[in-house]
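Colleague: I am new to this one. Please walk me through a single part closely, then its surroundings.

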Amino acid sequence: MLSKELLLQAVKEYGTPLYVYDGDEVVQRYKELYDFIKWPKLKIHYAMKANYNFELLKLLNAQNASLDTVSPGDVMLALKAGFSTDRIIYTANNMTDAEVKMVYDMGVLMNIGSLSRLEKFGRDYPGSDVCLRFNPDVVDGAHAKIMTGGDLTKFGILLKDVDKVKAIVAKYNLNVIGLHEHTGSGLQHTESVLQSMRNLMAIATPENFPNLRFLDFGGGFKVPYQPDEERVDYVKMGNDITELFSAYCKKYGKELEMYFEPGKYIVAEAGYLLTEVNTIKVNNSRAIAGCNSGFPQLIRPIMYDAYHHIVNLSNPDGELNVYDICGNICETGDRFAEQREIPEIREGDVLAIENAGAYCYSMGGYYNLRPMPAEVLAVGGKLKLARKALSYEELIAQTMGV
Ligand code: LLP
């Protein structure tokens, strides 16, 4: 958790809107997963779609972390940050031939989630190593839009299609070295993680797939977003996971590697979006605090009705009042919070939107043609510019395609 003083110092040095990340927390979260899940062959693949800030990637690379990537761009950036290809897995969906070729040629393991793509992959790269993504048939997640398992989603090969998979694998002499599933993001029930594991392990037999080196159980570890939300008991969950996997490996006849791919767990709580309030108005019953940022810079509230806790850094002890905390975009839904109780907000106050480390900057865009905020990294109490904001001139040149 970064102190109020350090956040305000960042504002002084870099202005607002501004993203600030606690690099120490990111490393701590990454490392503690190894304390929770005590499987000797555990590998944590950070899901870099959550936040691909280059300085954060370099911090994780220094920890020898692995990565879950979803586009050739992800892979190219990961290589620049120093990740070796053997620590990268590629789990895009609806891949094109050109994209597969780019990633294959870079030497990264492909995780394939449809029979159609598997057939094309076999045709183009017979004899290759491959990982297969199955749909775990378990439905869970913090919001309908981020539940990945089950019948209503586009993800993964159906468990019941395992014989069809085997036929394609045999036809092209593919070497299946890993199986994968991902249940959803912000999993509400730890039992869902265990059930998805059981479902994948049920088809991960030596008869079906004799050359497995790992099973990958995706991401989705929940973190608290509400201030009074309890943390999941990850020590217990880790023990349950290890027990289950250990029994499975005994049956399989080999100690396999176990992969997880958390994004939110590693970065969500380490990030803050700092924004300044420039307009206070009262529209009949509603007090409105208008900020110099908006949903293109932090989309989770409008996209998933997500709760992000907001702190008034400039007036923490002010009298509590209720506000709609709105952005600067020409849409009614452009609110970071609706009817939120918070210490009195005055024009000029700086607000910290918390839990802004995952899927905030990375989902950002240029709607209404404003540059994304700069990003600052804090390590050991020291601030460092991690990515500058585009100037308006640069943004306009990019928009004009020059
Ligand atoms: N592995 C796969 C295959 C995934 O699709 C994802 C996330 C992860 C791992 C990491 O999940 P996490 O540990 O971060 O929950 N934009 C949404 C979340 C979308 C997640 C997409 N896939 C949000 O802001 O809540």
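Colleague: How much area do domain 1 and domain 2 bury between them, and what percentage of it is on carbon and sulfur atoms?

Modeller: Domain 1 and domain 2 bury about 930 Å² between them, with 53% of it on carbon and sulfur atoms. Buried area here is the accessible area (1.4 Å probe) that two parts lose on being put together, summed over both. A word on the source: this is a predicted model, where local features need pLDDT of at least 70, side-chain atom pairs count only at pLDDT 80 or more, and totals for chains, interfaces and linings use all residues. Residues are numbered from 1 along each chain as its sequence is written, and side-chain values use heavy atoms, leaving out hydrogens and water.

Now the two partners. Domain 1 covers 91–262 and domain 2 covers 268–400; such bounds come from an automatic or database domain assignment. Their C-alpha centres lie 35 Å apart. Domain 1 gives 9 residues to the contact, and domain 2 gives 9 residues. Contact means heavy atoms within 4.5 Å.

Next, charge. Between domain 1 and domain 2 the count is 1 salt bridge. The term means a side-chain nitrogen of Lys or Arg within 4 Å of a carboxyl oxygen of Asp or Glu. R231 and E269 form a salt bridge through their side chains, at 2.9 Å from N to O. The structure holds 26 salt bridges. One of them joins K49 and D68, with the closest N and O atoms 3.4 Å apart. K49 sits in the loop between strand 2 (42–47) and helix 3 (54–62), and D68 in strand 3 (residues 66–69), so this pair ties together parts 19 residues apart in sequence. Helices (H or I, at least four residues) and strands (E, at least two) are DSSP runs, numbered from the N terminus.

Look also at helix 8 (residues 190–203) and helix 9 (residues 234–252). They pack at an angle of about 10°, and their axes are 10 Å apart. Axes are lines fitted to C-alpha atoms, for helices over the stretch in contact; angles run from 0 to 180 degrees between N-to-C directions. Helix 8 brings residues including V193, L194 and M197, while helix 9 brings, among them, I241, L244 and F245.

One last stop is a backbone detail. The peptide bond from T16 to P17 is cis, with omega near -10°. P17 lies in the loop between helix 1 (4–14) and strand 1 (18–22).
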